[in-house]
Each structure stands twice: as C-alpha cells, then as structure tokens.
Amino acid sequence: MVAPWVLDEMKTVDLKDKRLNNRLSEVLSQLGGHPTASIPAACGGHAEMTAAYRLFDNDNATFEAILQPHIDATRRRIASRPVVLLAQDTTEIDVTRPEQQVAGAGPLDGGTRFGAFLHPLHAFTPDGTPLGTLHALTWVRDETEKRSSVMSRAQRAAQPIEEKESYRWVDTFRRLSEEEQRCPSTQLVCLADSEADIYELLTEATTEAQRVDWIVRACQNRALQRENSQETAEKYVREHVLAQPILFTHTIQVRGRKAKVNCETRGRKQPRLSRQAQMEVRAARVTLRPPWRTDRKLPPVTVNVVLVCEVDPPENDVPVEWVLLTSLPVDDVEQVRQVIQYYCTRWMIEVFFRVLKSGCRVEERRFEHIDRMLPCLAVYLIIAWRTLYVCRLGRGCPDISCESVFEPAEWKSVWTVVHRTTPPSTPPRLGDMVRLVAQLGGYVKRKRSDPPGPQTTWIGLQRMHDFALSWKLFGPDARAAPQLV
C-alpha cells in the first residue's frame, strides 16, 4: 500500500519501465514509513526486501533518475511561493566499516575514513519550511588524486577552478539561472556559507544577465579596488565596513561549544562560552579587487556587505562575527535585517543533514558497492525532506487542517492512541496534530514548551505509520474480514 504523499511526489517518475516505477513508489513508501529501521525491517518481508535491493542494483535506477520526480515536485512548490531561499552545502556520507570496506568508496580525509560527498541545493521558505531538493551532486574522491592539502600555494593557484572540487559551488549557482526562468514570479535567493567565498562565484553572481539574488558568508578579508582618483584609508572589506555608522544593535543568546580536537586552529572551530551577546550591525557597498589567476583575468565586482560583530566579547573567547556578501539591497535598516534573517535560514540545511544521517541513518545502510548506495541515498533524501517538512509546516501553518498532510487513518489512529478517546468528526489543526505525532516520539507537551523538533517528529512518524496500518485493517473504518473456510 503506497502512501498518498508518495503518489504525489512520484508523478513524473520515469525509470524506463512501468514496473520499476511502481517498485520505486512502493520502496519509498515502505522506507518512509520506517525511516530509522533497517531496509529488511522497513520492507517487512523477504520478497519486499529483495525487490528493494534489486531496485538499487538496477542500471536505470540511478541517483539522478530517482531524485528527478522529487525535483519536479519541488519546482511546483517553488513556483507557488513569492520568495524561496536556496541553500547549498556539502556533507560527507561516511560508510567506513571496521572490517570489509564498501567497494568504490573514496577517502574522506587522510585515508582513515571512506565514503562519498553530497552537495545538495535545497529550497526553503523564509520561515524555514523545506520545499525539497532542487539539485544534488555526488562524487567519490580518487585515492590516487593529488590532494590540494599537499600542494604548494603556487600549485593551487595555477590549477583552473574547473579542475577543483570547489567548482561545485559555481556550477550549482549557474543552474539557478535555468530555475529562475521556470518561475519568473518567484524571487530566488541562494545562500552559502564561508566555503563558497570564491571569487569566481562572486564574478558569476554579479553578471548583468544574472537575476538570482544571493548571500555568501565571507571567510577572508578581501582587498578593495582602489581607483586612481580616490585613495581610501581602508584597504580591506572588514575595516571599511567597521568605519561605517552603526545601523542597529541586537542581543542574541550564544550557545557554548567545545573543540572537537585540541589541535584545531580555525576560529570557527574554537571553544566558546554560552552567553548573551550584544551585536552591532553595519553595512556598506564596496568594489572588490580581483585576485591574480594564471589562466584568466577576473574583473572587479561590486557587492553589498553586512557586518554583524559582537561588542566586548569575553576575554580569551572567540567573538561572534558575520561578514555577509550579498546582492540584496542594504539601503535601510529593514533591508539589512532581511539579509540577516534570510541567512539565518541557511542553518536549516544543517538540520536537514541531521535528519538524513541521524533520523534516516543513511550512513548505516549496508551495501557492498557505493554504486548501490547512491540510489538508496536519493530515496532517503526524499524521506528526509518529508520528515522535516511535516515538522516545520506544523510551525509555519499551524491553523490549517491536518488533512492537508495526514490522511484520515493517520490522524484518527494517533488521536485515539494519545487521547484514549474517539477521534472528533472534524480534523484537528495541523499544529496540534504534529504535536500529537511528536508525543509518540517522546515530546513532552507543556503549556509553554517549544514546538517539537525533528528527532521526536521522525520517531513519532514511524510509530504513526504502524498505528495507521492497524487502523485501516482493524479500526472502525475497516472492511469486514473475509471468513476463513
């Protein structure tokens, strides 16, 4: 029995075989109903388990082909929104095994861990509701390839950007021009963290033909372009923006952290104390001086900059600071606030990765070869979106009917289990229903408690699937069972 949401999501599936299309829908429904369970446990039988593994071993069921119908559904959801934030980021899919390694997996670091890399472009609404994956790139590093960490600075500078792994940021951004043409009434804003602070990306993003807005967190203090007729005292971006007047201040709660390794030297990885921090916000428009390249001449680019920095940080602690490069306007306070709020949504892709790895346990799936692992990864990308979508939609649209997400057997069975009463004739609100589902996963409902998070939601959805199946088979709406002769 295929879940209704799977039928909607797989409308355009095309694996070159109708039977294979149906099998994908069945496997997606089975694994989606039990995201934390192993594949044999989620499938529920030997025949179903064998069909799932044969699907992942089929040449037509590639990572791209499985993900394509979800991409089509994501485009439909994007087209219905006035503003969509598109966060791109990279994560490791670690499939290191203590004994026999997965064939075809590449090194993730110095050779102690093996797996693949995933770089998705995921769409979110400004309030953080996920709309789906719009593009995803996977690759495996070659063990014999010379890593940039052992190359000299001159060797790295001489290597064309197209031959580097960092080119994925530029390539992904270029795809957004095609997406913008599909939804001209939607404002697209691309979000990326400091790893995307690449001058070639800034050049691509500031071309006249580019109509997609963007926000990139800077990781380096770039030099400013200095005209012959205008000599400025500030030669770099950070110093120039610090010289601007303060637009507003804001108090935030900083969560403490511990260093994972003692030898870490990067500022963003240093330990930090929990505290309330007073932040000052400034903004400016600057022209960046292009870096030297051996194979091309890059032009100067003009960008807007928003600087968020902590006032009087504790002694011997790393201050909180964001330098955001953007194409969005920063002419007044509200526009600057919007840039910061948009970039804060980028954190949702980190939550998405957590759902994928901890909720769906994608790294724990047992495959002998990485080529079979990647189609399974595509399936769990869809399941991770669905789990986070239910969680966040309950926050963003709490007052709509729960039947916009849940079918009657789902909400009625959950209501009966949690409340121990007959379900009402009118479906409850979506916000209330999500809390009921989360209670099945360990969420404690109090008067002033925060909305449920992804972890209690994905555990609750798994239990809801079993209750809904029992409701259909044995509940009040079930048909009379046939008499055994």
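A residue counts as buried when its relative accessible area is under 20%, as exposed when that area is over 50%, and as partly exposed in between. Keep this cut-off at hand for the exercises below, which use a predicted model.

**Exercise 1. Which cysteine sulfur is nearest to that of Cys43, and is Cys43 buried or exposed?**

Step 1. Start with accessibility: Cys43 has a relative accessible area of 7%. That value is under the 20% limit, so Cys43 is buried.

Step 2. Now look for a partner. The nearest cysteine sulfur belongs to Cys376, 9.8 Å away. A disulfide needs two cysteine sulfur atoms within 2.5 Å, and Cys43 is in no disulfide.

Step 3. Widen the view: a search of the whole structure gives zero disulfides.

**Exercise 2. How do the rings of Tyr53 and Phe367 pair, and where in the chain do the two residues lie?**

Step 1. The structure holds six aromatic pairs. In one of them, Tyr53 and Phe367 have ring centres 5.7 Å apart and planes at 65 degrees. Planes over 60 degrees apart count as edge-to-face, so this pair is edge-to-face.

Step 2. Tyr53 sits in helix 4 (residues 46–56), while Phe367 is in the loop between helix 11 (347–359) and helix 12 (370–396). The pair thus links distant parts of the chain, 314 residues apart.

Step 3. Check accessibility. Tyr53, at 27%, is partly exposed, whereas Phe367, at 10%, is buried.

**Exercise 3. Which residue lies over the face of Phe248?**

Step 1. Look above the ring of Phe248: Arg337 lies over its face, at 4.0 Å from the ring centre.

**Exercise 4. Which helix gives the largest share of the lining of the second largest pocket?**

Step 1. Find the pocket, which has a volume of about 540 Å³. Its lining has 27 residues, and those closest to the centre are Met1, Ala3, Ser29, Gly33 and His465.

Step 2. List the helices that supply at least two lining residues each: helix 2 (18–33), helix 3 (39–43), helix 12 and helix 15 (454–474).

Step 3. Pick the leading contributor: helix 15, with seven residues.

Key: Residues numbered from 1 in each chain as written. Predicted model: local features only at pLDDT ≥ 70, side-chain atom pairs only at ≥ 80, totals over all residues. Heavy atoms only, no water. Phe/Tyr/Trp six-rings, centres within 6.5 Å; stacked < 30°, edge-to-face > 60°. Helix = DSSP H or I, 4+ residues; strand = E, 2+ residues; numbered from the N terminus. Buried < 20%, exposed > 50% of the residue type's maximum accessible area, 1.4 Å probe, protein only. Lys NZ or Arg CZ within 6 Å of the ring centre and 35° of its normal. 1 Å grid on protein atoms, 1.4 Å probe; cavity = no way out; pocket = protein on both sides within 12 Å on 5 of 7 lines; lining within 4 Å. Points joined across faces, edges and corners; volume = space filled by probe spheres on them.
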